[in-house]
Amino acid sequence: MADMMRATVASLLKGIDRYNPENLVTLERYVAIQCEENTYDLEANLAVLKLYQFNPSYYQTPVTMRILLKALTNLPHTDFILCKSLLDGARIDDESVQKVIHLANMLECCQFTAFWANLEEEADLVTDIAGFQDSIRKFVCHVVGISFQTIEKDCLSEQLGNISDADLKMWISKYGWEDKGDSVFITNQEELVKTKKITEKISFDSVAEIMAMNSA
C-alpha cells in the first residue's frame, strides 16, 4: 500500500498543485499508512505541514503529532527540526505537541534513560506508529557507536530501554560489537581518528611583501 501511495503522492506534489488543500485528505491518509507500515516520506510530510500553514482551518493536531514522531524515527537526521519549523507558536505550545517536543529534547541531549521512562508514561503517543521503539534504539546504537570504546552491558541495556538479554544480544550482534561478559566492546575509537596533513603554499611575492612591511 505504501509503495502505491508513494507514486500517487509524488504526482500530487509536482508543480503548483502541491499547495492545493484538496490534496490533504490523500496526504493525511499517506501519513497514517507510513505509521502503519513503518515507512517514511519526509517530503510528503513536510507538504502536509506547509498546507496547514497556508490553510489553518484544515489543521489536524493528531496528524501533526504523527509527522513529528515519524521524524524522530529518522534521527540523527534533522527531519524533526525541519518539521517543527513549519509550526507556528500556538501549534508548538499545544500540550499534545509539547509532549513530542519533550521526547525530542531528551533524545537530542542523549538522555536515553529519561526518554524511555517518559515514553512509558506516554505510551499512547506511539501505539499506532509501527517500529517506533526500534527506530529510536538504532539512534541510541549510533550514539553509543561514536561515543564509547567499551560500555557496561547493564548500562547498554538501560540505554536501549531495559530490553531483555535476548534482545540485547541481538542488538550487539547487529552492530558487530563484542560481548565481553559484563561489558561490551564497541570499537577502538583511536582507530577511527584520522589525521589530516595540511600543506600551506606561500608564494615568494607574498613573503617579500610581508618582509617589506616588517622592515618599514
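A residue is called buried when its relative accessible area is under 20%, exposed when it is over 50%, and partly exposed in between (1.4 Å probe, protein chains only). The structure above is a predicted model, in which local features need pLDDT of at least 70 and side-chain atom pairs count only at pLDDT 80 or more, while totals for chains, interfaces and linings use all residues. Residues are numbered from 1 along each chain as its sequence is written, and side-chain values use heavy atoms, with hydrogens and water left out.

**Exercise 1. The chain as a whole**

Task: State how many helices and strands the chain has, and what percentage of its residues count as buried.

Solution. 
Step 1. Helices (H or I, at least four residues) and strands (E, at least two) are DSSP runs, numbered from the N terminus. The chain has 13 helices and three strands.
Step 2. Buried residues make up 38% of the 216 in the chain.
Step 3. A contact means heavy atoms within 4.5 Å. Of the contacts in the chain with a separation of 6 or more, 64% are between residues 24 or more positions apart.

**Exercise 2. Two residues and their surroundings**

Solution. 
Step 1. Locate Leu86 in the loop between α5 (79-84) and α6 (89-92).
Step 2. Turn to Asn118, in helix α8 (residues 112-121). Asn118 is buried because its relative accessible area is 15%.

**Exercise 3. Salt bridges**

Task: Find how many salt bridges the chain has, and describe where the partners Asp41 and Arg6 lie.

Solution. 
Step 1. A salt bridge is a side-chain nitrogen of Lys or Arg within 4 Å of a carboxyl oxygen of Asp or Glu. By this rule there are eight salt bridges.
Step 2. One of them joins the side chains of Asp41 and Arg6, at 3.5 Å from N to O. Asp41 lies in the loop between α2 and α3 (42-54) and Arg6 in helix α1, so this pair ties together parts that are 35 residues apart in sequence. Asp41 is buried at 12% relative accessibility, whereas Arg6 is partly exposed at 34%.
Step 3. Another salt bridge joins Arg137 and Asp134, at 3.0 Å from N to O. These two are separated by about one helical turn, because they are three residues apart in helix α9 (residues 132-147). Arg137 counts as buried at 13% relative accessibility, and Asp134 as partly exposed at 37%.
Step 4. The side chains of Arg29 and Glu36 also meet in a salt bridge, at 3.4 Å from N to O. Arg29 is partly exposed with a relative accessible area of 40%, and Glu36 is partly exposed with 49%.

**Exercise 4. Backbone geometry**

Task: Identify which peptide bond is cis between Leu75 and Pro76 or what its omega is, and which phi values Asn38 and Cys110 have.

Solution. 
Step 1. Most residues other than glycine have a negative phi, and most peptide bonds are trans.
Step 2. The peptide bond from Leu75 to Pro76 is cis, with omega near 10 degrees. Pro76 is in the loop between α4 (61-72) and α5.
Step 3. Asn38 is not a glycine, yet it has a positive phi of about 55 degrees. Asn38 is in the loop between α2 and α3, and is partly exposed at 42% relative accessibility.
Step 4. Cys110, likewise not a glycine, has a positive phi of about 60 degrees. Cys110 is in the loop between α7 (95-108) and α8, and counts as partly exposed at 36% relative accessibility.
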